[in-house]
Amino acid sequence: MCVTLSPSQEHSIETPHGLLHVTLHGTSNTRRPAILTFHDVGLDSKSCFSPLFKFEEMQEIVKNFTLVHIDAPGQEEGATAYPMGYQYPSMEQIAEMIPAVLTYFNFRTVIGIGVGSGSYILSRFTMAHPDSVEGLVLINMDPETRGWMDWAAQKITTLTSSITEQILSHLFSQEEMSANADLVRSHRDRISKAPNLINIELFWRSYNSRRDLIIDRNSNFKCPVMLVVGDQAPHEEAAVECNSKLDPTTTSFLKVLNKLTEAFKYFIQGMGYMASSIMTRLSRSRTASLSSSYSMDGERQRSRTLSQSSQGGQMPPSPSHTMEVSC
């Protein structure tokens with residue numbers, strides 16, 4: 001069941017690398033970290049995250065946290081197309097724009113949720129500003145640039161496929177395209193007919209020109225991290241490799257089928273911001289299933305595993321065991 005979110009406030013925020021469009025839900029409550037989101041290529045903050053936070057299961061979070069949705073430059077709904085020759089910011093520069101958002105709203109810390117390119121950008125921001133991030137949820141994370149073989153294949157694809165098809169192959173695997181024809185068709189129509197398609201293309205090129213994230217479990221993320229990826233997601237192997245390099249005592253790795261909501265609530269509870277009395281009780285079983293969606297719209301199904309332990313309804317202190325959540 002979905003509900004209507006509280007009225008939103010839209011802001012255009014000056015940063016060292018240009019304007020950012022930011023949408024805020026709730027009030028600037030500095031007692032708790034804000035939940036800050038960053039979308040993937042081919043999406044904007046509205047299409048990527050609004051459905052997730054409209055789920056009834058997420059309303060306890062919505063009532064108690066400020067939501068801050070950042071649109072990458074020129075990606076927001078209704079954005080004016082950039083002129084020919086416009087110098088689009090790099091992934092590193094986009095990450096450098098985020099501190100201005102925290103300063104603008106007077107947020108001391110945030111909990112970040114990033115999807116695809118958004119997870120890369122939030123990771124860059126977290127590495128540069130570890131004291132500003134209390135937790136990080138990275139969905140379909142690919143921290144590395146393409147190898148030579150992938151680079152050559154991408155060059156061929158660029159010559160033979162439209163920007164829309166290139167982005168769809170980033171969002172969906174071939175298996176997912178076959179299993180979710182209507183959803184893929186909807187995304188294809190939305191991207192190909194977007195008035196700001198040139199902006200989307202510039203963001204896509206910037207993402208493909210990103211530098212490797214140097215990940216080391218001893219020195220990178222100082223906060224809890226939840227990695228989420230699908231069994232058939234295009235970046236499954238990259239996410240698994242990323243997980244192997246992170247500190248296992250502070251990292252949860254999930255392969256989920258239909259709902260991200262339950263996992264996210266337990267992640268928040270584990271950070272001490274939600275009392276166990278308002279959480280759905282964990283199954284006493286040692287194994288069960290968890291669900292999610294990629295674009296957060298409940299239409300795209302993926303299987304995933306959850307690596308945590310069940311202890312009487314409380315969030316486990318270490319994510320190195322198996323837990324099952326009743327959805």
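**Salt bridges**

I counted eleven salt bridges, taking a salt bridge as a side-chain nitrogen of Lys or Arg within 4 Å of a carboxyl oxygen of Asp or Glu. The model is predicted: local features need pLDDT of at least 70, side-chain atom pairs count only at pLDDT 80 or more, and totals for chains, interfaces and linings use all residues. Residues are numbered from 1 along each chain as its sequence is written, and side-chain values use heavy atoms, with hydrogens and water left out.

I looked up lysine 46 and found its side chain in a salt bridge with that of glutamate 77 (3.7 Å, N to O). Lysine 46 lies in helix H1 (residues 45-54) and glutamate 77 in the loop between strand S4 (67-71) and helix H3 (91-95), so this pair ties together parts that are 31 residues apart in sequence. Helices (H or I, at least four residues) and strands (E, at least two) are DSSP runs, numbered from the N terminus. Glutamate 77 is exposed, at a relative accessible area of 60%. For this I used buried for under 20% relative accessible area, exposed for over 50% and partly exposed in between (1.4 Å probe, protein chains only).

Next I checked arginine 124, whose side chain meets that of glutamate 92 in a salt bridge (3.7 Å, N to O). Arginine 124 sits in helix H5 (residues 117-128) and glutamate 92 in helix H3, so the pair ties together parts that are 32 residues apart in sequence. Both arginine 124 and glutamate 92 are buried.

Arginine 188 forms a salt bridge with glutamate 165, with 2.7 Å between the closest N and O atoms. I noted that this pair links distant parts of the chain, 23 residues apart: arginine 188 is in helix H9 (residues 181-192) and glutamate 165 in helix H7 (residues 163-171). Arginine 188 is partly exposed at 28% relative accessibility, and glutamate 165 is partly exposed at 30%. Salt bridges with shared partners join Glu92, Arg124 and Arg211 into one network.

**Helix H11**

Which residues of helix H11 (residues 236-245) are buried? I found Glu236, Ala238, Ala239 and Cys242. Seen down the H11 axis, they fall within an arc of 160°, so they line one face of the helix; the arc is that of the directions from the helix axis to the C-beta atoms. Their cover includes strand S7 (225-229) and strand S8 (251-255), contact meaning heavy atoms within 4.5 Å.
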